[in-house]
Each structure stands twice: as structure tokens, then as C-alpha cells.
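The structure comes first, and the description follows.

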Amino acid sequence: MVLMKHVMSSQQLSLLSYANTCMLMASSSVYRRQQFLIRSLGGGIDHSRNMQQDLRSVEVDAESVIRSITPALDPTRHKGQAGKIAVIGGCREYTGAPYFAAISALKIGADLSHVFCTKDAAPVIKSYSPELIVHPVLEESYSVREEDKKTISRKVLAEVDKWMERFDCLVIGPGLGRDPFLLDCVSEIMRHARQTNVPIVIDGDGLFLVTNNIDLVSGYGLAVLTPNVNEYKRLVEKVLSSEVNDVDATQQVLSLAKKIGGVTILKKGKSDLISDGDTVKSVSIYGSPRRCGGQGDILSGSVAVFLSWARQHIIAADPNSNLSCKNPAVLGCVAGSAMMRKAASLAFCHKKRSTVTGDIIECLGESLEDICPAT
């Protein structure tokens with residue numbers, strides 16, 4: 001009996017010792033590393049957490065996308081078939097941004113590039129390049145009497161509308177400014193673009209307009225928003241009523257695109273994140289440490305061209321296409337982001353600290369040729 005008690009006491013002591021050991025391990029770094037290893041190998045899986053981790057693995061083969069959607073240079077094609085792009089922007093203060101966007105579209109390979117701007121901006125933009133077709137049709141409040149606003153607004157819309165069906169994509173916002181009357185006119189232009197199923201890429205002051213009137217793009221799958229850090233912050237606060245989450249940026253951009261109704265968002269940053277609410281892509285090709293103004297305008301013009309090419313590629317239903325993504329807006333963003341980064345890197349190699357936007361534009365052709373040779 002004494003022996004039994006002694007044995008039982010030993011068992012109890014052993015159990016107590018084991019329990020203490022477990023408690024010590026639970027508080028130790030060894031235990032935490034063991035649990036991390038178990039989770040990594042599939043044990044104790046938190047499925048929602050794994051889904052979020054999977055979302056982070058989104059790097060896309062951007063150069064393959066570019067090669068797939070860039071049309072061949074065919075002598076049987078006629079002017080306009082490689083793309084007709086229109087930029088809606090340009091006012092007294094800002095004439096460089098619409099020029100950068102429009103000329104970038106041409107340098108990528110679009111056949112025709114238009115700019116619809118205010119009357120004050122038109123002569124300046126025309127003087128930058130004879131390659132652009134400039135329409136001095138937009139008006140600002142200072143030049144319009146209150147009693148004439150409705151009449152002028154109808155005239156502006158009619159002038160843009162007669163060209164609308166010819167365009168493969170609109171770029172809205174570069175150098176637009178924030179004049180209330182001008183923004184009202186551009187809002188109507190955007191509504192008409194939706195009605196005629198014309199894709200729209202929105203940047204700069206166009207994002208200011210959209211952030212304050214989400215219905216302009218909500219539910220429109222051919223709309224692309226290209227926010228920088230501050231523009232993205234305002235969008236997140238407006239749409240999601242939250243702060244920017246850099247820790248789970250992939251999930252947040254997915255939620256934002258979904259909440260706006262399937263528009264495509266290109267969140268600019270160290271890595272560009274692209275989402276249409278269903279998927280997330282990342283482009284991390286090294287660009288340039290030089291952050292001169294105007295690079296966003298190059299991007300918007302580039303995305304417009306690639307979006308129009310991707311749309312043509314998908315409509316043609318090429319049986320040899322190896323593209324898993326069938327959203328032309330996402331494909332256009334992937335290609336435009338990669339092209340901008342590659343050109344910026346090339347320009348920086350040549351110019352270093354003195355690199356400016358014009359230098360990057362001049363490298364667009366060489367960058368595309370390197371990925372997708374014309375011959």
C-alpha cells in the first residue's frame with residue numbers, strides 16, 4: 001500500500017513536471033517557432049489567414065503580358081487601328097500634364113492622340129508638339145457668366161460627344177484643375193463615356209472629382225483609377241471609412257475596388273498593386289529613385305494605350321493567347337506600370353539626378369522594343 005502511494009505520487013510528480021514544462025515552452029521562443037513551423041507545414045491552419053497570405057503572392061509576368069497584347073506592325077492596317085486616345089485636361093495653370101499623357105500614348109504606339117483643354121491652355125499645349133490634336137473647348141468659371149453656364153455646358157459636351165465614339169480610351173484628369181464649372185462639365189463627359197462604353201483612365205484632378213462623386217465610376221468595369229499615396233488615402237477614407245493599411249495593403253486594395261463596384265485600381269508605390277475586386281496583381285520591376293513630377297501622367301497615357309490593345313486582343317479571341325486574366329483594364333495597368341518603370345530605369349541610367357519626365361518619355365520606345373521587337 002505504501003509502495004502504491006509512492007508510485008502514484010511519482011506519477012503525479014511526473015504529470016506536474018510535464019505541465020510546468022509545457023507552460024514554460026508556451027512562453028518561450030522555441031515553442032513559438034515550433035508553432036510557426038507547424039502552421040507553415042499545414043498544421044493548425046487558419047484558412048482566412050492563409051487566404052490573405054496567398055493574396056500577397058501576386059507578382060505578375062508583366063513582360064509576357066506586354067508581348068501578348070501589343071499588336072504587330074502590319075502594313076495592311078490603317079491609321080487609327082493601333083489606338084485613338086483622348087486626354088481630358090489642361091487649364092491655365094497646368095499645361096504640362098496633359099501633354100505628357102498624350103505624347104506618351106503616341107510614344108507607346110497609339111496612332112492618334114487628342115487633348116481637350118481650356119482655351120487658355122490650348123495654344124501652349126499646341127506649341128509643345130505638332131503631333132497632338134488639341135481642342136480648346138473646355139471653360140472655367142471665370143470666363144462664364146452665371147446665366148450662360150447651362151448653355152456653355154451643353155456646347156462643351158456636344159463638342160466632345162461628337163468625337164466620343166472614335167476614341168478607344170479617355171484619360172481624365174491630367175492638368176484638369178479644380179474649377180467647379182469645369183469639373184461639372186467633365187462629370188457629364190464621363191457619364192457619356194460610360195453610355196458609349198469607352199474605357200476611362202482617371203488620374204490627377206480627375207481622382208479629386210471621382211473621390212467626391214464615386215457614382216461617376218461605380219460599377220463601371222472599364223474605369224481605371226491610378227492614385228498616388230495621398231490620392232489613395234483620400235479614396236480609402238471616403239469609400240471604406242478607414243485608414244490606409246500598409247500591413248495588409250493587398251487585401252485593402254481588393255476591398256476598395258470591390259466596394260466601388262469592380263473598377264480597376266492601380267495603387268502606385270514601391271510596388272504597384274492592381275486590383276479589379278476579384279484579383280490582385282503586383283508589378284515590382286525596378287524603376288528609378290528619381291521622383292520628378294509628371295511620371296504619373298506618363299503612366300496614365302501608357303495604361304490607356306495598353307488597355308485599348310488588351311481590349312482588341314480579347315475581342316479578337318486569339319486562340320494562341322496564354323493570358324489567364326481576361327480583364328483588359330487589369331492587363332492595361334500591368335503593362336503600363338511595367339513600361340513606365342522600365343523606361344524610368346533606362347532614363348536614370350543615362351541622366352542620373354538630372355532625369356526629368358521628358359527623358360523618361362524618350363525611353364518609352366526603346367523600352368517597348370526591348371520587350372517586344374517591332375520586327
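## Helix packing and selected residues

Helix α4 passes helix α13 in a left-handed crossing. The model is a predicted one. By class, the contact of α4 with α13 has nine nonpolar, no polar and two charged residues. On the α4 side the residues are Ala62, Glu63, Val65, Ile66 and Ile69. They meet Leu331, Val334, Ala335, Ala338, Met339 and Lys342 of α13. Helix α4 covers residues 62–69 and helix α13 covers residues 328–351; their axes come within 9 Å and cross at roughly 115°. That angle makes α4 roughly perpendicular to α13.

### The chain as a whole

The secondary structure comes to 15 helices and nine strands. The chain has 375 residues, and buried residues make up 49% of them. Among contacts with a separation of 6 or more, 68% are between residues 24 or more positions apart.

### Two further helix pairs

Helices α10 and α11 pack at an angle of about 60°, with their axes 11 Å apart. The two helices are therefore oblique to each other. Helix α10 passes α11 in a left-handed crossing. From α10, the residues Tyr232, Leu235, Val236 and Val239 take part, and they meet Ala249, Gln252, Val253, Leu256, Lys259 and Ile260 in α11. The residues of this contact divide into eight nonpolar, one polar and one charged.

The pair α5 and α15 involves residues 96–108 and residues 364–371, respectively. The axes of these helices come within 8 Å and cross at roughly 35°. The crossing of α5 and α15 is right-handed. Ser104, Lys107 and Ile108 in α5 meet Leu364, Gly365 and Leu368 in α15. By class, the residues of this contact are three nonpolar, two polar and one charged.

| Helix pair | Axis distance | Angle |
|---|---|---|
| α4 and α13 | within 9 Å | roughly 115° |
| α10 and α11 | 11 Å | about 60° |
| α5 and α15 | within 8 Å | roughly 35° |

### Loop residues with positive phi

Ser241 lies in the loop between α10 (229–239) and α11 (249–260). Its phi is near 55°, a positive value in a residue other than glycine. Ser241 is exposed, with a relative accessible area of 65%.

Asn197 lies in the loop between α8 (180–195) and β5 (200–202). Phi of Asn197 is near 60°, again a positive value in a residue other than glycine. With a relative accessibility of 40%, Asn197 counts as partly exposed.

### Asp179

Where does Asp179 lie? Asp179 is in the loop between β4 (169–172) and α8. Is Asp179 buried or exposed? At 15% relative accessibility, Asp179 counts as buried, because the cut-off for buried is under 20% relative accessible area.

The side chain of Asp179 reaches the backbone nitrogen of Phe181 at 3.2 Å. Leaving aside residues up to four places away in sequence, Asp179 touches Glu139, Glu140 and Ser141. Tyr142 is 37 residues from Asp179 along the chain, and the C-alpha atoms of the two are separated by 9.0 Å.

### Tyr128

Tyr128 is placed in helix α6, which covers residues 122–128. At 37% relative accessibility, Tyr128 counts as partly exposed, because partly exposed is the range between the buried cut-off of under 20% and the exposed cut-off of over 50%.

Which residues does Tyr128 touch, not counting residues up to four places away in sequence? They are Thr95, Gly96 and Tyr99. With Thr95, Tyr128 makes a polar contact between side chains, at 2.8 Å. Tyr128 and Thr95 are 33 residues apart in sequence and 9.5 Å apart in space, C-alpha to C-alpha. Helix α5, given above as residues 96–108, also takes part in the pair with α15.

How values were computed
Residues are numbered from 1 along each chain as its sequence is written. This is a predicted model: local features need pLDDT of at least 70, side-chain atom pairs count only at pLDDT 80 or more; totals for chains, interfaces and linings use all residues. Side-chain values use heavy atoms; hydrogens and water are left out. Helices (H or I, at least four residues) and strands (E, at least two) are DSSP runs, numbered from the N terminus. Buried means under 20% relative accessible area, exposed over 50%, partly exposed in between (1.4 Å probe, protein chains only). Contact means heavy atoms within 4.5 Å. A polar contact is a pair of N or O atoms within 3.5 Å; within protein, one must be able to donate a hydrogen and the other to accept it, and residues adjacent in sequence count only if both atoms are side-chain atoms. Axes are lines fitted to C-alpha atoms, for helices over the stretch in contact, and angles run from 0 to 180 degrees between N-to-C directions. Angles under 35 degrees count as roughly parallel, over 145 as roughly antiparallel, 65 to 115 as roughly perpendicular and the rest as oblique. A crossing is left-handed if the near helix is turned anticlockwise from the far one by less than a right angle, and right-handed if clockwise. Ala, Val, Leu, Ile, Met, Phe, Trp, Tyr, Cys and Pro count as nonpolar, Asp, Glu, Lys and Arg as charged, and the others, Gly among them, as polar.
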